[in-house]
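Visitor: I would like to learn how to read a protein model. Can we go through one together, feature by feature?

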Amino acid sequence: TLRVPDMHCGHCKAAVEGELNKLSGVRSVSADVEKGTVEVSYDEGTVSTEDLEDAIEEAGYTVAA
């Protein structure tokens, strides 16, 4: 689960989920706008948490520590 506090609407959710789903090794993505979190199920041998964070930043959002 990654914290993405600057998601505010359905478009934000779709943008973040869309970028993450482009990554090879990502099995499922579920963004929760109200909680400001993104739950990602992925193959750790194929994709790293750094890759996930980069994809979220590519979508224009910030990953909080």
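Visitor: Is E17 buried or exposed?

Guide: Start with the scale. Buried means under 20% relative accessible area, exposed means over 50%, and partly exposed lies in between (1.4 Å probe, protein chains only). E17 has 16% relative accessibility, so E17 counts as buried. Keep in mind that this is a predicted model, where local features need pLDDT of at least 70, side-chain atom pairs count only at pLDDT 80 or more, and totals for chains, interfaces and linings use all residues. Residues are numbered from 1 along each chain as its sequence is written, and side-chain values use heavy atoms, leaving out hydrogens and water.

Visitor: With which residue does E17 form a salt bridge?

Guide: The rule comes first. A salt bridge is a side-chain nitrogen of Lys or Arg within 4 Å of a carboxyl oxygen of Asp or Glu. The partner of E17 is K13, with the closest N and O atoms 3.1 Å apart. K13 is partly exposed, at a relative accessible area of 29%.

Visitor: Why are E17 and K13 separated by about one helical turn?

Guide: An α-helix has 3.6 residues a turn, so residues three or four places apart point the same way. Here E17 and K13 are four residues apart in helix α1, so about one helical turn separates them. Helices (H or I, at least four residues) and strands (E, at least two) are DSSP runs, numbered from the N terminus.

Visitor: How many salt bridges are there by this rule?

Guide: The count is two. K22 forms one with E19, the closest N and O atoms being 3.0 Å apart. K22 is exposed, at 63% relative accessibility.

Visitor: What is the order of the strands in the sheet?

Guide: Strands of a sheet pair through backbone hydrogen bonds, either parallel or antiparallel. Two strands pair if DSSP finds at least two bridges between them. This open sheet has three strands in the order β1-β3-β2, with antiparallel pairing. Strands β1 (2-3) and β2 (26-32) are the edges, each pairing on one side only. Two bridges join β1 to β3 (residues 37-42). L2 has V38 of β3 as its bridge partner.

Visitor: What lies across β2 and β3?

Guide: Helix α1 (residues 10-21) does, running at about 165° to β2. Axes are lines fitted to C-alpha atoms, for helices over the stretch in contact, and angles run from 0 to 180 degrees between N-to-C directions. Contact means heavy atoms within 4.5 Å.

Visitor: Which residues have the most contacts inside the largest nonpolar core?

Guide: A nonpolar core is a set of buried Ala, Val, Leu, Ile, Met, Phe, Trp, Tyr and Cys residues joined through side-chain atoms within 4.5 Å. The largest one here has 19 residues, and M7, L20, V38, V40, L52, I56 and Y61 have the most contacts inside it. The elements giving two or more residues to this core are α1, β2, β3 and α2. Beyond four places away in sequence, M7 touches residues including C12, V16, V38 and Y61.

Visitor: Which residues of α2 are buried?

Guide: L52, A55 and I56 are. They cover an arc of only 100° around the axis, so they sit on the same side of α2. That arc is taken from the directions from the helix axis to the C-beta atoms. On the other side of α2, E50 and E58 are exposed. Among the elements covering the buried residues of α2 are β1, α1, β2 and β3.
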